[in-house]
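Let's take a friendly walk through the place where two protein chains meet. Have a look at the picture first, and then we can go through it step by step.

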There are 2 protein chains.
Amino acid sequence: MATSATSSELPSLDKLITSRLTGNELEEYNRIQYGKNKYDELSIAKANLELAEKHNFEIAAYNFPTKNEELRSARIVKIGVIQHSITTATDKPIVEQRQGIFSKMINIIEAAANENVNILCLQEAWSMPFAFCTREKYPWCEFAESAIEGPSTMFLKELAARFGMVIISPILERDEVHGDTIWNTAVVINESGKVIGKHRKNHIPRVGDFNESTYYFEGNTGHPVFETKFGKIAINICYGRHHPLNWLMFGINGAEIVFNPSATVSGLSEHLWPIEARNAAIANSYYTCAINRVGTEKFPNEFTSGDGKLAHNEFGHFYGSSYITAPDGVRTPGLSRVKDGLLIGKVDLNLCRQVKDKWGFTMTQRLNLYAESLSNAVKNDYEPQIIHSN
Amino acid sequence: MATSATSSELPSLDKLITSRLTGNELEEYNRIQYGKNKYDELSIAKANLELAEKHNFEIAAYNFPTKNEELRSARIVKIGVIQHSITTATDKPIVEQRQGIFSKMINIIEAAANENVNILCLQEAWSMPFAFCTREKYPWCEFAESAIEGPSTMFLKELAARFGMVIISPILERDEVHGDTIWNTAVVINESGKVIGKHRKNHIPRVGDFNESTYYFEGNTGHPVFETKFGKIAINICYGRHHPLNWLMFGINGAEIVFNPSATVSGLSEHLWPIEARNAAIANSYYTCAINRVGTEKFPNEFTSGDGKLAHNEFGHFYGSSYITAPDGVRTPGLSRVKDGLLIGKVDLNLCRQVKDKWGFTMTQRLNLYAESLSNAVKNDYEPQIIHSN
């Protein structure tokens, strides 16, 4: 089995709570929890609901109402994010494992196309198991592929062109030009099926089973913003969500939507999950999309987790719960904790600047002060500003 | 009336939800919402509960369990934060308004002393109404006082010495030495009743009724950390919580606890409230304490809110909901949305470094990269890193 039974897992905390509240209490919950203006739930085409039921994935779509401006037309964009489990046992041939994921992905991407999604982002290392817990180099390094013409890119280029959709494809990248090094990379494919660039993960974890620094290094692509037909987008890959400066630089470079393709498990981070990507949306006045994989992945050989516990074969539970936050902090409920899913946000990118005008966070940011403070702080002889009690 | 009836306000969202869940569902809620390790609730001395009931305030106390280390002794500290409403009509003499708050504050501070609180922080501009909504300079500017020998400082110095407690007193400061300017300032008084320093609010809002830039300027005290008998503390005043760089610099300077004395109302920010101070604790591996005032304040003259609505006399509802977050992201439930309150956290400051060792956020921070990026970004001819689609 690729993933173990998740029947004991709570399917959704968000749905559990709303099922227990009614009337004014439910309204207050929605106001305080999700934001005053709230999202509207969008209906899904019947054929699409049937497709989702047939292939056992969830579809949810939300609209973020935004005020019309006098001088700028609304810039309505449909964002889609996909969370999914692996499909094939991790001791099967690599091509088989990858093809299993491709096969299920076609259905979910088709559903996104049917709902007229413009920009779609998949989860981190979407076409492979998250095998870094094992610290084994083989066979896992063989999943690494060219950003330009690897199998994941080729598969998605065709779909991007067919559906006229920008697709962000987070993969394990092999850079043959520079020493055959491996990177954790997001490839951006435009609506014509052309790779327009890539971004490499800036911050690499060394925590629990996330031994990723064993496989790849801190990214060397800076903080690029991709100016696509549908808006200015950036990608903060996984562990980068713990770093406010990483989010900040994408904002400074003009991002209107920042995707956070991730892989994280319930024992480690679930209480942080609703906080960090949402905080980034608020602090930087842009949309954020937090995407996490689903299911428990099992590996052929035992590995330890650096926690003094016995060796074992299973990663923890990847809890899904992908969600979208608007620049004003309003957010959608999360997707399922246990099931594949497609989450759609219909947004007006004009909201980013409207929120900057209202909240004034960029105006009051005092970047000059911090450019100077940080330049001092990184010096080896830096003396922290400490005031003693006596 | 100083504050209007709040009977229509929900007293606590946290309590509402937990009252609707039991067994495994409640456990899952607590795990996902507050954090895996969770806090323990501490019992309050009976005499103190009676004191609280008599004076109509809430007391809640929580313990954050922390692992013992081999080489360092535990550094257990009791943190206290107080949220309160004003007591006297805002058209009464200033001395009367201030004395009304002093009188109620004595009881709450005594309760904190009875529970052996070591470090206590009051809310922003705690000894006055939050009158900046009016844009009137008088009488409100008369509340501004000397940080060293003003009435609020003198009142708290005596209590700090009597109870052997560090007290942080956020006031409106009058700086007579530098042009009689007014600042939004937190004064730090040590356990002997001595003022050891002050910090001035770094980021000033211009949003809704928070016309604070009409009264005072962005602070000029940098990011001081106060090394007290009970640990290294800092103060991020109110609107500074929207600025991750502000939180960051207190962390870089070594803060173990950062207080966020605030004043904010439900229509504006309530969906952001559980996010920002908690995110800061996670990102910087320190404790944060978010403190908000309580009640609806009414002013003698009508004012407008810059939202096209009619002139009115009442500020929105200050929703309290003060809470404490540990460096691992575990947090307490919030205090009441409608009532004065004392929130106590029993913490081991050793947890800060333990979390840095575990999560590695400081190690993986790449400050050099960001010092350089920000230094470039603040140049007037900065060219954002944009990759075009074609």
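A salt bridge is a side-chain nitrogen of Lys or Arg within 4 Å of a carboxyl oxygen of Asp or Glu. Please keep in mind that you are looking at a predicted model. With that definition in hand, turn to A:Arg20 and B:Glu25: their side chains form a salt bridge, with 2.7 Å from N to O. Between chain B and chain A, the count of such salt bridges is four. Polar contacts join the two chains as well, and 47 residue pairs across the interface are found in this kind of contact, both residues being at pLDDT 80 or more.

Which helix gives the largest share of the side of chain B that touches chain A? That is helix α10 of chain B, residues 367–377, which supplies nine residues. Sorted by class, this side of chain B holds 41 nonpolar, 29 polar and 17 charged residues.

Now step back to the whole interface. In total, 87 residues of chain B are in contact with 87 residues of chain A. The two chains bury about 8000 Å² between them, and 62% of that lies on carbon and sulfur atoms. Of the area that chain B buries against chain A, 9% comes from B:His271, B:Trp359 and B:Tyr370, more than from any other three residues.

Strands also pair across the two chains. Strand β8 of chain A (residues 225–228) runs parallel to strand β16 of chain B (residues 386–388), and three bridges join them. To find one of these on your screen, look for A:Phe226, whose bridge partner in β16(B) is B:Ile387.

Definitions and conventions:
Residues numbered from 1 in each chain as written. Chains lettered and ligands numbered in written order. Predicted model: local features only at pLDDT ≥ 70, side-chain atom pairs only at ≥ 80, totals over all residues. Heavy atoms only, no water. Contact = heavy atoms within 4.5 Å. Buried area = accessible area lost by both parts, 1.4 Å probe. Polar contact = N/O pair within 3.5 Å; in protein donor to acceptor, adjacent residues only side chain to side chain. Helix = DSSP H or I, 4+ residues; strand = E, 2+ residues; numbered from the N terminus. Nonpolar A, V, L, I, M, F, W, Y, C, P; charged D, E, K, R; others polar. Pairing = 2+ DSSP bridges.
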